[in-house]
Amino acid sequence: YELKDSSMPRLDEQLDREAVRIVALTRHLCAEMHLARVCPEVYGVAILAYGPNAATRALKSLGGNVNTLLLACRGVLQARAANFTTTPGGYFSVEVDESCRLMARAAEEHRLLAQAPRTGVLHILLGALQTSREVAAVFDTAGTGLAALQGFVRRSVEPQRPTASPKTSPK
């Protein structure tokens with residue numbers, strides 16, 4: 001298979017190592033599934049399937065069940081993929097869907113809000129949730145939706161307030 005078009009190289013230059021791995025595995029997943037387009041739904045599945053990563057760790061800390069989310073996201077992907085699956089066995093090109101470009105922009109916005117030097121897997125997941133209503137619904141149902149994950153990121157960005165040390169009284 002071949003990956004056609006790409007606003008992705010620009011994104012690739014800004015990814016942390018974990019995100020580079022997920023991007024590569026997402027493209028591989030497209031080839032395995034004979035998907036002619038990369039879309040946010042594929043990213044949702046790849047992020048969950050190829051953990052542990054920053055996103056799966058965040059989901060677990062919020063009480064999410066990664067396997068349950070993965071199963072539901074696979075269903076969403078299968079429904080979306082019906083529109084652009086190729087016939088197995090032949091050569092095909094994998095194009096970047098317009099929704100994936102929107103996801104990349106949203107991921108970059110989340111990176112900036114988090115004051116992170118590079119886009120990470122959690123930022124990509126936030127971008128996918130922001131651009132795919134179906135994936136967002138899966139996460140919302142599990143209580144680990146966009147708002148919960150944004151709160152998680154905000155808490156990890158906020159400066160830690162020093163705790164007051166107990167006053168010692170002179171003896």
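Select helix α7 and colour its buried residues: Val121, Leu122, His123, Ile124, Leu125, Leu126, Gly127, Ala128 and Leu129. Buried means under 20% relative accessible area, with a 1.4 Å probe and protein chains only. Helices (H or I, at least four residues) and strands (E, at least two) are DSSP runs, numbered from the N terminus.

This is a predicted model, where local features need pLDDT of at least 70, side-chain atom pairs count only at pLDDT 80 or more, and totals for chains, interfaces and linings use all residues. Residues are numbered from 1 along each chain as its sequence is written, and side-chain values use heavy atoms, leaving out hydrogens and water.

Stay on α7, residues 121-131. Of its 11 residues, 9 are buried, so the helix is largely enclosed by the rest of the structure. Now show the cover. It includes α2 (17-32), α3, α4 (54-61), α6 (98-113), α8 (133-141) and α9 (146-157).

Next, select α3 (residues 40-49) and α5 (residues 66-81). Their axes, lines fitted to C-alpha atoms over the stretch in contact, come within 9 Å and cross at roughly 155 degrees. That makes α3 roughly antiparallel to α5, a term for angles over 145 degrees, on a scale from 0 to 180 between N-to-C directions.

Show the side chains in contact (heavy atoms within 4.5 Å). From α3, pick Pro40, Glu41, Val42, Val45, Leu48 and Ala49. From α5, pick Val66, Leu69, Leu70, Cys73, Arg74, Val76, Leu77 and Arg80.

Last stop: Glu95, in strand β3 (residues 93-96). Is Glu95 buried or partly exposed? At 36% relative accessibility, Glu95 counts as partly exposed, the class between buried and exposed (over 50%).

Notes:
Parallel < 35°, antiparallel > 145°, perpendicular 65-115°, else oblique.
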